[in-house]
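Colleague: I am new to this structure. Please take a close look at the side-chain pairs, and give the cut-offs for each term you use.

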Amino acid sequence: MTLQRRLIIAVLLAAPLAWLLTIAGTYWRAAHEINELYDTDMLRLAEQTLAVAALLPPGASIPGPLQAPHPPNSGDASGKDLSVAIWRDAGAPLVLDAEALQFPRDQSQEGFVDSTVNGVPWRIYYLASDDKTTRVAVGQRVGEREDLMVAYIASQIAPWLIGLPVLIAMLILSVRRALRPVRMLSQALENRRPDDGTPLSESAAPAELKILVQAMNDLLARVASLIEQERRLTTDAAHELRTPLAALRAQWEVAQRAQDATLRADAQRSVGAGLDRLDRLVAQLLTLARLDSNGPSGFDDAVNWSLVAEQAVGDCLWIANRRDIEIDIEWPDGKENALPTAGSNNALAIMLKNLLDNAVRYGPRHTRVRLTLGARAILIDDAGAGIAPEVLPRLGDRFVRAAGNEESGSGLGVSIARRIAHNHGLMVRYDMRGAAADFPAGLRVSILRRESTQST
């Protein structure tokens, strides 16, 4: 069910309910005011009647109800709705109308009493003199009050019945008008291309929707960025895979056509090396795609850098042995103080392995690579000639490699490392480092927190 339909249904239910509650409240208030008015009149009439009765001689009597003719101009008065009775001691009542003869003569009654006279509900007010010898009763037919209340409510219901549909129609139009920005927003999103990261306009959106529009703009920017990343990854991967595949095809044809055993063996080794490179490239592409889809994550477990370093160094030993490079590990602040952070040991081991692998693979043979795990940063130093200044800022871009490397590579290792670091609130920074007393000049890789700007 749409939001507009829900609001319209709520209006259709709420408006009649409020209308009924208003009628009930008006009826209750009108009944209170009418009863107050009539009760006051009856009380005053009883007091005046008692005062007049005190002026009558003790033996005065009225033979029967008065039948005095009324003048023609009597208005809408009804003589049967209000009656008065006077009692003196135990004598016959002095009454002015026939209905008063039926009033109950109960000496215990005082004040207002609801009674039934000839099957008709009456409200009677009893008042006695100080010596209790004279009592008066003023009665009014209850139906008179009810008729007045019904007439008053009926006069109010008529305009309400006419105004209620108009009110509901105006509320429905207001709901539709209020939801117009939502419909415009949905139409703008419906007609948008998936890779269109253009922000939605916030100027036409009401204040309540601006937060939603801002969140949608952020989402559109992330989606467009992810689509662009996927497109770039697909394009670069296709380009990078074409080269080893072409080389494999060429070497495979040489191995098939070669008559010389030595030439065939060389071609087979080249095919094996090409397959290894292709396998490494595909594995790194899959790792990078998985990291891009996961994004930054929250972690609860503290990182065991000792285990991470052991795993990363172990994965790099084969290339270090082949290139006769020694890997040193230093813990200047103690293992328990190494860059305290929470995260995934396996993911950080991949990050550290890729950075160490680059230092070992592209550093000079017969040298050292030093891994320093400190409380403020993790450093990887090599003794290489470094990287050209124009290439240094681009390290970490996919498929970017420095020229002149004798070792093969895909240019994805640093991208993977930087993505893992980003997911853990870390950053990877490259700097050229001067010579020290215990280590020659070369390239330094620093792993530190993103908010940290200190020099390492």
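Modeller: Helices (H or I, at least four residues) and strands (E, at least two) are DSSP runs, numbered from the N terminus. By that rule the chain has eight helices and 10 strands. The model is predicted, with local features needing pLDDT of at least 70 and side-chain atom pairs pLDDT 80 or more, while totals for chains, interfaces and linings use all residues. Residues are numbered from 1 along each chain as its sequence is written, and side-chain values use heavy atoms, leaving out hydrogens and water.

Of the 456 residues in the chain, 37% are buried; buried means under 20% relative accessible area, exposed over 50%, and partly exposed in between, with a 1.4 Å probe and protein chains only.

The salt bridges come next. The term covers a side-chain nitrogen of Lys or Arg within 4 Å of a carboxyl oxygen of Asp or Glu, and a search of the whole structure finds 12 of them. In one of them, Arg433 is joined to Asp381, with the closest N and O atoms 3.3 Å apart. Arg433 belongs to strand S9 (residues 426-433) and Asp381 to strand S8 (residues 378-382), so this pair ties together parts that are 52 residues apart in sequence. Arg433 counts as buried because its relative accessibility is 11%, and Asp381 is buried as well, at 0%.

Asp381 also forms a salt bridge with Arg444, where the closest N and O atoms are 2.8 Å apart. Since Arg444 lies in strand S10 (residues 442-449) and Asp381 in strand S8, the pair ties together parts that are 63 residues apart in sequence. Both Arg444 and Asp381 are buried.

Arg44 and Glu47 give another case: their side chains meet in a salt bridge of 3.1 Å, N to O. Both residues lie in helix H1 (residues 3-53), three residues apart, about one turn of the helix. Arg44 is partly exposed at 47% relative accessibility, and Glu47 is partly exposed at 37%.

Leu127 is buried, with a relative accessible area of 18%. A contact means heavy atoms within 4.5 Å. Leaving aside residues up to four places away in sequence, Leu127 touches Ala46, Glu47, Leu50, Glu110, Thr134, Arg135 and Val136. Glu110 is 17 residues from Leu127 in sequence, and their C-alpha atoms are 6.3 Å apart.

Aromatic pairs remain. Rings of Phe, Tyr and Trp (its six-membered ring) pair if their centres lie within 6.5 Å; planes under 30 degrees apart count as stacked, over 60 as edge-to-face and the rest as tilted. The structure holds three such pairs. In one, the ring centres of Phe103 and Trp122 are 5.6 Å apart and the planes are at 65°, so the pair is edge-to-face. Phe103 sits in the loop between strand S2 (94-95) and strand S3 (111-117), and Trp122 in strand S4, 19 residues apart. Both Phe103 and Trp122 are buried. In another, the centres of Phe112 and Tyr125 are 4.6 Å apart with planes at 45°, so the pair is tilted. Phe112 is in strand S3 and Tyr125 in strand S4, so the pair ties together parts 13 residues apart in sequence. Phe112 is partly exposed at 30%, whereas Tyr125 is buried at 11%.
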